[in-house]
Amino acid sequence: MSDLVDRLRSQAERYHAAHPFHVRMNAGELSPEQLRGWVANRFHYQESIPIKDAAILSNCPDVTMRRRWIRRITDHDGHDGEEGGIEAWLRLGEACGVPRGEMTDHRHLQPGVRFAVDAYVTFARTKPWVIAVASSLTELFAPDLMAERLAAFEKYYTWIDPEGLQYFRNRLFQAPRDSEHALEVVLEHCHTEADQQSAFDALAFKNDVLWSMMDAIDLAYPS
Ligand SMILES: O=C(O)c1cc(C(=O)O)c2c(n1)C(=O)C(=O)c1cc(C(=O)O)[nH]c1-2
């Protein structure tokens, strides 16, 4: 079974952390306009994640799984006076100089980013729920990127109010917790070679989603 974990983890090489736009971001080489373009486009991902997670819940007959998975939705949407990730992302955008209305009205949203994000939501709606869970496993690779990004923002992009970086700080503990649960689910349910291959393919698909988003952003805001 740990073979499956190794196979899944091997896809770290294709994670969007290696995308040239992220490499330039973390080296402090992006202009304010490029960072603003990235943050405005990524908002569509942030606002779609809870819809994707609700789609997974709607396909899942396992109450134990639903009780844990639902946390992902409230983490992003917020609850009972607690702001969630979507609000934190809007604050990040504002700290970078993008008014929140320009994120929510999608005026900066590139077609390629829209198509990639919407393909992820459709995948979660239409695939078996365990396979949709497997597609979230890029979060296994996210904490390293998040830590690097946080350090880069604090070091190079000092024109951004550090208060705006709370989103990344939250993901540092949310992503490992979430990916641990997703991995448990995949290991519990994917026993046959065919199921394990489907889980692997789902993760490859998700890497493609993330990479395509970065390609579209890179093209729209060239160096
Ligand atoms: O900034 C990033 O690089 C990054 C990557 C990922 C990811 O690897 O899917 C997520 C996030 N951020 C993120 O903020 C987030 O809420 C999130 C949810 C999910 C998911 O697939 O359910 N991935 C990610």
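Visitor: Where is Asp-80 found?
Guide: Asp-80 is found in the loop between helix H4 (63–77) and helix H5 (85–96), where helices are DSSP runs of H or I with at least four residues, numbered from the N terminus. Residues are numbered from 1 along each chain as its sequence is written. This is a predicted model, in which local features need pLDDT of at least 70 and side-chain atom pairs count only at pLDDT 80 or more, while totals for chains, interfaces and linings use all residues.

Visitor: OK, and what is the phi of Asp-80?
Guide: Asp-80 has a positive phi of about 40°, although it is not a glycine. Most residues other than glycine have a negative phi.

Visitor: Is Asp-80 buried or exposed?
Guide: Asp-80 is exposed, because 5 other C-beta atoms lie within 10 Å; the cut-offs are 12 or fewer for exposed, 20 or more for buried and partly exposed in between, with C-beta atoms placed from the backbone.

Visitor: What about His-106, where is that one?
Guide: His-106 is found in the loop between helix H6 (100–104) and helix H7 (111–126), and its phi is near 65°, a positive value in a residue other than glycine. His-106 counts as partly exposed because it has 15 C-beta neighbours inside 10 Å.

Visitor: Switching topic, how do H3 and H7 pack?
Guide: Helix H3 (residues 32–59) and H7 pack at an angle of about 10°, with their axes 8 Å apart; axes are lines fitted to C-alpha atoms, for helices over the stretch in contact, and angles run from 0 to 180 degrees between N-to-C directions. H3 is therefore roughly parallel to H7, since angles under 35 degrees count as roughly parallel, over 145 as roughly antiparallel, 65 to 115 as roughly perpendicular and the rest as oblique.

Visitor: Which residues meet there?
Guide: Among them are Tyr-45, Ser-48 and Ile-51 in H3, which meet residues of H7 including Val-113, Val-117 and Tyr-120, where contact means C-beta atoms, placed from the backbone, within 7 Å.

Visitor: And what does Met-213 touch?
Guide: Not counting residues up to four places away in sequence, Met-213 touches Tyr-45, Val-113, Ala-116 and Val-117. Met-213 is also one of the residues with the most contacts inside the largest nonpolar core, which has 59 residues; such a core is a set of buried Ala, Val, Leu, Ile, Met, Phe, Trp, Tyr and Cys residues joined through C-beta atoms within 7 Å.

Methods:
Two residues are in contact if their C-beta atoms, placed from the backbone, lie within 7 Å. Helices (H or I, at least four residues) and strands (E, at least two) are DSSP runs, numbered from the N terminus.
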